[in-house]
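Here is a structure to read by question and answer. Each answer sets a value against its definition.

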Amino acid sequence: GASEQQDKIIYVKNLTEASLCLQSLKIDVILLDLRLPDTRGVDAVNIMRRWVPAVPIVVLTDLDDEKLAMACIEAGAQDYISKQEMSAQNLRRSIGCIVARAREIYAQKRADVLQKRLADIVESSADAIFSCDINGMITSWNPGSEKIFGHSMEAAIGKPINAMIQFENGDCFNEQISRSRVIHENETVIPNKLITLKKTGSDIILSMIKFALKDEKDAVIGWAAICRDVTECIRRDTELQKRNHDLEIRDKQMRALAAHLNEIRELERTRISREVHDELGQLLTGIKIDLRWITKNLNLNFNSASVKICKRIAETNKLIDHTIEAVQRIAVELRPSVLDVLGLPAAIRDEARRFESKTGIAVELQVTDVLQVNSDISTEIFRIFQELMTNVARHAEATLVEIIFEKRSQYFCLSVKDNGVGFQIDKYEKKLSLGLLGIQERAEMLKGKVMLKSCVERGTEVIVLIPDTKRKKDDEHTYSG
């Protein structure tokens, strides 16, 4: 064997030793004596060629026999040197030429394999792959081109590319190429999707890329192009865009409907709250006045029966007092009058006090009282606050709630933070929480944003940002976090 760094020669005495050597080592050249103990003549070459078909063989023999030399060459040997002519110089020259020729053959085989593989790819591709010379005459035309453009390879080869491909707008192929955009050196892409006309007359839409072909001197000798039929993709994209547009319109309509329903619900709540508070309250107050009159007259005509009646009237008075309290509570829950009279900050304070009294959970408040909140959004913010406090009461298992309501830049900020059990955000995102979903919907209708932070055993914080709608339109900015 031989290497570029150092020649190394391995001697074996027979074919058995040669077989073991060839199995364990990488051999560059075999110097084969035709007079081995276990084989002779051309048979030795045939055996070696079966064992190692790609390794060059130089036959060494003391027989100056031209027929034998030709037989060895035909059997697969690369050279034949008689021992009378053998010298170090001749042997080195022969081995060098053989190795160089073997490497050249190996490189050519690799190139042939690679070229065949690339040719197979081009032939089996569904894309149209074709090439032209510098004058625009077609030099190659794969089956994908036949399928897309409707012209056979025999009809296309040697013909001008403009005769094979026409465009709907009347341009020829070269005109489209001249307006194409360079994306890499010697590589261009058509700026827009091209509508072409097949031989059958049906329209197709192509996505196309073109690149230059060069010779060994780097001179441009032509160009090639790859065209993909994206008609179906464009059709699907167009259909998806239309569906997406329809869904966006539907989403806007549903949001508008939800906003309208919320508005109607608030108006109905306000009406019912006032009727409950005013009418029921007045009726109950009138009943209390009548009971006082009855008690007073019974005391004037006191007898044994009067005692029992007065006792019953006293119990009825207590029942009426509880009923009045319930009516006032229901009226406040339907629509707190403080929201309309004193504004949102006062309503948040009042709701927080009721929450603390009802649940026993401590509340820390930081509310900016001087905030002037547009009446159009104050109701929505208050309902969001009520839902947040309901969630704390139901799920948090907290002992403390921190509430902040303030102005940040051009946004009203409402923060509700508890010290409860918390939860994993990723698990929450996988399931539907109607309470938080309602909060997000209300915030989005006001072009606001809801941010949720939670950690197991460390509590939860919900921050709601609502833009101040009183701002001038020119001053509007999108909140970025």
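Q: What is the bridge partner of L60 in β5?
A: The partner is I81. Strands here are DSSP runs (E, at least two residues), and helices are runs too (H or I, at least four residues), numbered from the N terminus.

Q: What kind of model is this, and how are its residues numbered?
A: This is a predicted model: local features need pLDDT of at least 70, side-chain atom pairs count only at pLDDT 80 or more, and totals for chains, interfaces and linings use all residues. Numbering starts from 1 along each chain as its sequence is written, and side-chain values use heavy atoms, with hydrogens and water left out.

Q: Why are β4 and β5 said to pair?
A: Two strands pair if DSSP finds at least two bridges between them. β4 (residues 57-61) and β5 have four, in the parallel sense. So they pair. V58 also has a bridge partner in β5, D79.

Q: What makes β1 a partner of β4?
A: Four bridges join β1 and β4, again in the parallel sense. D33 stands opposite L60 in β4.

Q: Which way do the residues of β4 point?
A: I57, V59 and T61 point one way, V58 and L60 the other. In a regular strand the side chains alternate between the two faces of the sheet.

Q: What makes a set of residues a nonpolar core?
A: The members are buried Ala, Val, Leu, Ile, Met, Phe, Trp, Tyr and Cys residues, joined through side-chain atoms within 4.5 Å. The largest such core has 36 residues. I381, I403, F405, L414 and V464 touch the most other members. α13 gives the most to this core, with nine residues.

Q: Which residues is I381 in contact with, leaving aside neighbours within four places in sequence?
A: They are L344, V373, F405, F412, L414 and I466. Contact means heavy atoms within 4.5 Å. Apart from this core lies another, of 23 residues, among them L15, L32, M48 and A77.

How values were computed:
Buried < 20%, exposed > 50% of the residue type's maximum accessible area, 1.4 Å probe, protein only.
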